[in-house]
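Subject: Structure handover

Hello,

Here is the structure you asked about. Please open it first, then read the notes below beside it.

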Amino acid sequence: MLKVVAACGNGMGSSQIIKMKIEKVFKKLGISASIDHMSVGEARTMASNFDVVFCSTSLTGQFTIRNNRTKVIGLINLLSESEIEAKIIENGLK
Amino acid sequence: MSNLRDMLNQRTILLQAEAANWEEAVRLGGKLLVDSGAAEPRYIESIIKCTHELGPYYVLAPGLAMPHSRPEDGVIQTGFSLLTLKMPVEFGHPDNDPVDILIFLAASDDNSHIEAISQVVTVFSDDEAFAKIRQAKEAGEISQILEQMID
């Protein structure tokens, strides 16, 4: 089971939207994942516990993860399921 | 159960407004939240401060922003306001600038706004509704769009 976190500036609002959208896409692609959501500050300290971090492209710079496991995926349009799907496939998660 | 349709009305909608920059836009739409009793003025200051610190973390899609901060930053009760601009403004987002639709959110706790947010997602994920909202001139048009999309 993939461990996923949706991160945003305040831990509610946008991370909720990201979580909602990635849940739909993971389900559609048949990928089993547990999806958390939190603020970028919290996600930063816990990032290496996750397989994937999703956040807005404006926040990807906040993550400086030095391991081979955790992928940080920046999303341009948080409402676009096709972008999420493309990036999931692009990052070899499917 | 929070309903977006109930929270967006004549008092919380301002369309085709003018703002010189993002800060002015946030204050203009934020004032609607404050006047409707959803948030204290410090909530708006918090959004602006966080934007300076973190960047425009709430720009969701090309042209669309959802300014918000944390419950403890001055939320009184869950509420939304909608501001559209005649001329879009730059928020400094790497991809989604400029912005001309701002849907403001004040959430009193982690759960109360979930239903309303999923309604925001439903409405703005629809290209046609998005375009209609962008061009709307009267609050009544917004109510009609929401009515058609949310049941």
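Among contacts in chain A between residues at least 6 apart in sequence, 53% join residues at least 24 apart. One caution before the rest: this is a predicted model.

Chain A

Start with the parts list. Chain A has three helices and four strands. Along the sequence they come in the pattern β-α-β-α-β-β-α. How compact is chain A for its length? Its radius of gyration is 12 Å, close to the 12 Å that the globule rule gives for 94 residues, so chain A is as compact as a globular protein of that length. Its C-alpha atoms fill a box of roughly 30 × 30 × 20 Å along the principal axes. Buried residues account for 44% of the 94 residues in chain A.

Where the chains meet

Now look between the chains. On one side, 17 residues of chain A are in contact; on the other, 27 residues of chain B. Which elements of chain B give two or more residues to that side? They are α3 (41-54), β2 (59-61) and α4 (114-124). The largest share, five residues, comes from α4(B). By type, the residues of chain B on this side divide into 17 nonpolar, seven polar and three charged.

The sheet in chain B

Next, find the sheet. It is open, has five strands and shows mixed pairing. The order is β1-β4-β5-β3-β2 in chain B. β1 and β2 of chain B stand at the edges, each with a single partner strand, so one side of each has no neighbour in the sheet.

Look at β4(B) in particular. It covers residues 79-89. Eight of its 11 residues are buried, so β4(B) is largely enclosed by the rest of the structure. It has these two pairings:

- With β1 (residues 13-17) of chain B, β4(B) runs parallel, joined by three bridges. B:Leu14 has B:Leu83 as its bridge partner in β4(B).
- With β5 (residues 99-106) of chain B, β4(B) pairs in the antiparallel sense over seven bridges. B:Leu82 has B:Ile103 as its bridge partner in β5(B).

Two helices in chain B

Take α2(B) first. It has 14 residues. From first C-alpha to last it reaches 20 Å, close to the 20 Å expected at 1.5 Å a residue. Its buried residues include B:Trp22, B:Ala25, B:Val26, B:Gly29 and B:Leu33. What do the buried residues of α2(B) pack against? They pack against β1, α3, β4 and β5 of chain B. After α2(B) comes B:Gly37, with a positive phi near 85°.

Now α3(B). This helix also has 14 residues and reaches 20 Å from its first C-alpha to its last, close to the expected 20 Å. Its buried residues are B:Tyr43, B:Ile44, B:Ser46, B:Ile47, B:Cys50 and B:Thr51. Why can they be said to share a side? They cover an arc of only 155° around the axis, which puts them on the same side of α3(B). An α-helix has 3.6 residues a turn, so residues three or four places apart point the same way. On the other side of α3(B), B:His52 and B:Glu53 are exposed. The buried residues of α3(B) pack against α2 and β5 of chain B. B:Gly55 follows α3(B), and its phi is positive, near 90°.

Finish with B:Ile103, which is found in strand β5 of chain B. Is B:Ile103 buried or exposed? It is buried, with 25 other C-beta atoms within 10 Å; the cut-off for buried is 20 or more. Which residues does B:Ile103 contact, leaving aside its neighbours within four places in sequence? They are B:Met66, B:Phe80, B:Leu82 and B:Val120. B:Leu82 has come up already, as the residue whose bridge partner is B:Ile103. Then try B:Val26, one of the buried residues of α2(B). B:Ile103 and B:Val26 are 77 residues apart in sequence, but 9.9 Å apart in space, C-alpha to C-alpha.

Best wishes

Note on methods. Residues numbered from 1 in each chain as written. Chains lettered and ligands numbered in written order. Predicted model: local features only at pLDDT ≥ 70, side-chain atom pairs only at ≥ 80, totals over all residues. Rg over C-alpha atoms; globule rule 2.2 N^0.38 Å. Buried ≥ 20, exposed ≤ 12 C-beta atoms within 10 Å, placed from the backbone. Contact = placed C-beta atoms within 7 Å. Nonpolar A, V, L, I, M, F, W, Y, C, P; charged D, E, K, R; others polar. Pairing = 2+ DSSP bridges. Expected span 1.5 Å × (residues − 1). Arc of directions from axis to C-beta.
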